[in-house]
Amino acid sequence: MTAKPETTSVHGDEPLRETTSLAPPIYQTSTFIANSPEDFGVMSTELHHQRNYARYGNPNHEQVETVLAKLEGAESALVTGSGMGAFSTMMLTFLSAGDHVVAQRIHYGGVIGFLEKMAKFGIRITFVDQTDPQAFEDAITPDTKVILIESPSNPTMHLTDVAAVAAIGKKHGVLTICDNTYATPINMRPIDMGVDIVWHSATKYLGGHHDLIAGAIAASKAHIDTIWKMSISVGASLNGFDSWLLLRGMRTLQLRVEKHNDNALAVAHALEQHPAVTAVYYPGLASHPQHALAQQQMSGFTGMLAFEVDTDPASADRFIHELQYGMLAASLGGIHTLVARPAAMLAGVVTEDEFAARGVSSRMIRMSVGLEDADDLIADLHTNLDKLQQHQPQA
């Protein structure tokens with residue numbers, strides 16, 4: 001019998017239980033005692049989940065990886081020290097000098113930055129419009145090894161037709177890798193749609209409480225074993241305590257994501273109705289240009305949204321500071337509502353022209369809707385949007 005996600009989150013690691021403790025113990029150790037000197041020979045075979053040295057694996061890793069693999073519909077999974085640790089390890093695993101990558105133009109900023117740095121290793125990147133599957137196929141060359149997608153994208157909430165792009169990858173024998181951080185396996189399962197590898201910044205929704213840094217990858221056992229070998233070489237290991245925190249967070253993933261979804265949809269509707277807001281970007285809205293695609297490939301629309309206000313950047317920043325329930329902070333996907341202006345977060349790193357090319361204006365505000373009461377969030381937003389409108393200079 002295949003369990004539903006909320007059951008998998010609670011019971012998915014039970015076959016690995018080694019004690020009578022209902023809550024798993026924390027394996028806060030850097031190394032493990034061998035039964036004989038010959039046991040250390042196992043290290044040379046490089047088997048995932050071996051217990052010799054914690055960089056190679058830890059029982060807490062195995063527990064959370066087992067649950068994630070089941071949630072994503074994958075054969076296996078791997079946790080890493082951060083989301084960027086997961087991404088960079090994958091790129092180092094599958095790419096060599098002379099290889100080519102097709103990536104959608106709008107990705108998390110850290111991913112864009114890493115891709116741009118890969119030119120010095122002789123790896124070429126072509127960025128394409130994620131809303132056009134044909135653009136991915138047109139960009140493929142004989143040297144293309146990887147297609148990178150992210151849906152919904154950060155921060156514009158554009159969607160990628162995951163099944164269509166995965167089919168293109170299969171047709172050309174190119175590995176398709178999807179960032180599923182925004183959607184989570186509760187709202188979307190890319191592997192079911194043909195994607196080869198899914199990865200997360202597990203710091204976000206999977207952890208869910210703003211108290212850990214972690215990355216995660218889910219794929220076939222063959223792919224995970226290959227990536228794991230690279231991860232131990234680059235030292236992208238996750239510590240035992242953060243693995244334990246991640247598993248604890250994932251126990252309530254279904255409940256939390258459902259609440260995030262409900263809150264974000266309510267907030268998006270309320271923002272859309274306020275005269276100080278000129279645009280709302282949320283795939284759950286009928287006004288979103290890709291709403292039909294969202295309904296097709298997602299079961300929920302995430303707790304992330306973006307909106308634009310009819311004011312100057314300084315006033316937009318003041319609006320954010322005056323929110324009672326929206327914290328000005330980086331990151332997303334946790335219990336608190338976090339609000340930030342992407343153009344301010346990356347000022348000096350990304351130029352205005354680059355922002356414009358990615359569809360990000362200086363008046364765009366990104367909102368990670370938390371688990372507070374939706375009415376309280378809406379009242380707070382409306383109070384401060386009213387003030388913003390009142391302080392606008394008269395024409």
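For the class counts used here, Ala, Val, Leu, Ile, Met, Phe, Trp, Tyr, Cys and Pro are nonpolar, Asp, Glu, Lys and Arg are charged, and the others, Gly among them, are polar. The model is predicted.

**Exercise 1. Describe the second largest pocket by its volume, its lining and the elements that supply it.**

Step 1. The second largest pocket holds about 210 Å³ of space, and of the 13 residues that line the pocket, Ala3, Pro5, Thr8, Lys70 and Arg189 are the closest to its centre.

Step 2. Two or more lining residues come from each of α1 (5-11), α3 and α8 (184-187), with α1 giving the most, namely four residues.

Step 3. Sorted by class, the lining of the second largest pocket has five nonpolar, five polar and three charged residues.

**Exercise 2. Describe the largest pocket in the corresponding way.**

Step 1. The space in the largest pocket is about 570 Å³, and among its 28 lining residues Tyr108, Gly109, Asn154, Leu332 and Arg366 are the closest to the centre.

Step 2. At least two residues of the lining of the largest pocket are supplied by each of α4 (83-94), β6 (197-201) and α14 (342-345), and the classes of that lining are 14 nonpolar, nine polar and five charged residues.

**Exercise 3. How many cavities of 30 Å³ or more are there, and which residues line the second largest cavity?**

Step 1. The count comes to two cavities of 30 Å³ or more.

Step 2. The second largest cavity has about 70 Å³ of space, and its lining is made of His48, Arg55, Tyr56, Gly57, His61, Glu65, Leu78, Val79, Trp228, Ser231, Ile232 and Ser237.

Step 3. In that lining, α3 (59-72), β1 (76-80) and α9 (221-234) each give two or more residues, and the largest share, three residues, comes from α9.

Step 4. By class, the lining of the second largest cavity divides into five nonpolar, five polar and two charged residues.

**Exercise 4. Which ring geometry do tyrosine 56 and tryptophan 228 adopt, and where in the chain do the two residues lie?**

Step 1. There are five aromatic pairs in the model, one of them formed by tyrosine 56 and tryptophan 228, with 6.1 Å from centre to centre and 65 degrees between the planes; planes over 60 degrees apart count as edge-to-face, and this pair is edge-to-face.

Step 2. Because tyrosine 56 lies in the loop between α2 (42-45) and α3 while tryptophan 228 belongs to helix α9, the pair ties together parts that are 172 residues apart in sequence.

Step 3. Buried means under 20% relative accessible area, so tyrosine 56, at 14%, is buried, and tryptophan 228, at 2%, is buried as well.

**Exercise 5. Classify the pair of phenylalanine 307 and phenylalanine 319.**

Step 1. The ring centres of phenylalanine 307 and phenylalanine 319 are 6.4 Å apart and their planes stand at 90 degrees, so the pair is edge-to-face.

Step 2. Phenylalanine 307 sits in strand β9 (residues 304-309) and phenylalanine 319 in helix α13 (residues 313-322), twelve residues apart.

Step 3. Phenylalanine 307 is buried at a relative accessible area of 0%, and phenylalanine 319 is buried at 2%.

**Exercise 6. What span should helix α11 have, and how far apart are its end C-alpha atoms?**

Step 1. Helix α11 (residues 253-272) has 20 residues, so at 1.5 Å a residue it should span 28 Å.

Step 2. The end C-alpha atoms of α11 are 28 Å apart, which agrees with that expectation.

Notes
Residues numbered from 1 in each chain as written. Predicted model: local features only at pLDDT ≥ 70, side-chain atom pairs only at ≥ 80, totals over all residues. Heavy atoms only, no water. Expected span 1.5 Å × (residues − 1). 1 Å grid on protein atoms, 1.4 Å probe; cavity = no way out; pocket = protein on both sides within 12 Å on 5 of 7 lines; lining within 4 Å. Points joined across faces, edges and corners; volume = space filled by probe spheres on them. Phe/Tyr/Trp six-rings, centres within 6.5 Å; stacked < 30°, edge-to-face > 60°. Buried < 20%, exposed > 50% of the residue type's maximum accessible area, 1.4 Å probe, protein only.
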